[in-house]
Amino acid sequence: MQQPTGYIGTPQSRVDGRAKVTGEAKYAAEFDAPDLAYGIVVTSAIAKGRIKSVDTSAALAVAGVLQVFTHENRAKTAWFDRNFRDETAPPGSPFRPLYDDRVIYSAQPIALVVAEEFEIAAYAASLVRVEYETETHMTDLDVKRHEAYVPPRKRSNVKPPPSPRGDAEGAFAQAPLKVHAEYRVAIEHHNPMETHASTVVYEQDGTLTIHDKTQGAQNSQSYVSSVFGLSSSQVRVVTPFVGGAFGSGLRPQYQLFLAVMAALELKRSVRVVLTRDQMFTFGYRPLTIQTISLGANPDGKLVSLMHDAVQTTSTFEDYQEVVVNWSNLLYHCDNVKLTYKLAQVDTYTPIDMRAPGAALGVTAIETAMDELAYAAGIDPIELRLRNYAETDEADNKSFTSKELRACYQLGAERFGWARRSPEPRSMRDGRELVGWGMASGVWEAVMQKTAARVVLTRDGKLEVASATTDIGTGTYTILTQIAAETLGLRMEDVTTKIGDSDLPKSPVEGGSWTAASAGSAVQKACLSVRETLFKHARQMDESPLANASIEQVMFADGRICLMNDPSAGVTFAEAMQAGGADKVEAEENASPGLLASMRYSGYSHSAIFAEVKVDEELGIIRVTRIVNAVAAGTILNPKTARSQILGGVVFGIGMALEEESLLDHNLGRFMNHNLAEYHVPVNADVFDIDVIFVLEHEDKLNSLGVKGLGEIGVVGTAAAIGNAIYHATGKRIREYPITIDKLLG
């Protein structure tokens, strides 16, 4: 049924936009509290060993210092590993801050200095003296890859590679065309605008109100409760605004533990904020070495596909991603073999970063497919079409929907691909070599069980509530749109509350599943309110709706009226008065359909086209144009959706050309732990980005027909840029980021 107030699918400005640009929006480190103390983290100077002694006397002697916490005087916490596991933790033993004298990675937190003032705490922290006993560390994946292993325990929601199909080795050996190469993507660290912070407000009754930088308020709540032996009623986590996260906030980070520990011990409010340098002291996108072997006939059709990956993990957890499966998902082949292994190094555990696994695996396979296209003398789009996967061959399922062909077509038309000269180094613009490259993108379309509550009052105002989080993607806005359209209200009459552990149950905000999950829950709750309102309206004396069914009416402008006669109707207020209700409230859960998940596979797809210009003498690379055509079901809000793809593309530019965390293996330490030396794309690096949303009808995954958008923008972008660089220069770089030294070397 079409509603007159049709917000879904229309471009709408962010409902939280004014709060963000005026400073009204508060982030984790901006909430105040009476008697607030400040904590500064002291980190280890070695990568592995033990702490022989900690001298805190000079720090404690500073006026205003309240306490220095170390492993020697920390509070007692839970004993078992399971108490430290959050809902996204990989298998293993989660890191426990200040647990004992062991140092297991460089820059590990080893002390917390708490003082009356931030500056006092920072000064006192510089006075803490630590003596170490060092042990030999190892952080080099090239050394450890020979000890790589298949993780014995699988990470929840991470599919292991499917069983081999056919005879991949034999088919490769007999193939007329072969591509066999190794591809690397460097370590990347999260650098959101808001660094990680926790403000723990110690209430008069001893309960805690925590403002945490997190992608899951209830995840942080359950972690704190479990670790410190508190009931859920004693811990409330409130995080209305998050200044970017994209995976870094999925797991509770160590500043949360330290701030809560200090608040409980001192019985006062404590704030701990990590510095930009300290943002490099926890999770990261892991270094990944991938080997791909493609065998094909002269017509470019694949006869063998082998994709192997080795990733780093810590010595205490088996972090896992879906890296190699995407190759089998994108391309049809009868002989497939995929492997995925881990190698332990002495660093912190990696963590999900935007499009985890896919951003890595698709970069490799799409680079390899470009190499095959040149080897076969076939246009890169045509090669992909000849190997197009009509079904999910790994799981033997049909796709719920797939418009990747249309992505290729519309993206190529917008980009002008037909004008491409196929030979490398054949296109120029003055002193610059011009290159055009393309790649495919794919990301899973997931839905998680989520609850939402809506409350409609007689004045026509609606409140929407769910514990889900908005990390800047536009969740406030799309939930408001869904609610307003479903009940026929103006968006101005809807207030959305999220990011609070007291609100209805929600998983962490991640995996691009929030729109489908929280959105479906909000829609379902609003539909429940509609039914109650309609029931009240039909019971009114001489109701014009008495003989109508709910399918015959529409909800608009605070009224319920007949579709075929809009003048015949009642107001929401009249219906509630007739039902003796001052408000109508509903709370509903939305879950993925079990039958659909058993029968179908759901994915978003994209086609990325990139133009680069390379200074022939200096090797300077500019990404001058990107066209990204995306098929992701219903687009709830083209304005915020476009922003998501723009951000993902910029992420991909960083992966392709700039972002790289450099480990000094002699020290076992990341050396470029600041934004001066860890390079990210800035305004001068970003030129034209054109986003196309391809029409795609989706009716199996969820009631809204939506697929995730937050991560598909980054997937394949680095490969498209790398392929364009090859077309411009004739030099194939298989190690990302592609920097000047690699191009000129």
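Colleague: What should I know before we start?

Modeller: This is a predicted model, where local features need pLDDT of at least 70, side-chain atom pairs count only at pLDDT 80 or more, and totals for chains, interfaces and linings use all residues. Residues are numbered from 1 along each chain as its sequence is written, and side-chain values use heavy atoms, with hydrogens and water left out.

Colleague: Switching to helices: at what angle do H9 and H17 pack?

Modeller: About 30°, with the axes 8 Å apart; H9 covers residues 358-376 and H17 covers residues 717-729. Helices (H or I, at least four residues) and strands (E, at least two) are DSSP runs, numbered from the N terminus. Axes are lines fitted to C-alpha atoms, for helices over the stretch in contact, and angles run from 0 to 180 degrees between N-to-C directions.

Colleague: So what do we call that arrangement of H9 and H17?

Modeller: Roughly parallel. That's the word for angles under 35 degrees; over 145 is roughly antiparallel, 65 to 115 roughly perpendicular, and the rest oblique.

Colleague: How about H6 and H7, what's their angle?

Modeller: The axes of H6 (residues 217-228) and H7 (residues 254-266) cross at roughly 50° and come within 11 Å. H6 and H7 are therefore oblique to each other.

Colleague: Which residues of H6 and H7 make the contact?

Modeller: On H6 they include Tyr-223 and Phe-228, and on H7 they include Phe-257 and Met-261. Contact means heavy atoms within 4.5 Å.

Colleague: Last one: where is Ser-591?

Modeller: In the loop between strand E27 (583-590) and helix H15 (594-599). Ser-591 is partly exposed, with a relative accessible area of 40%.

Colleague: What does Ser-591 contact, leaving aside its neighbours within four places in sequence?

Modeller: Met-447 and Lys-449.

Notes: Buried < 20%, exposed > 50% of the residue type's maximum accessible area, 1.4 Å probe, protein only.
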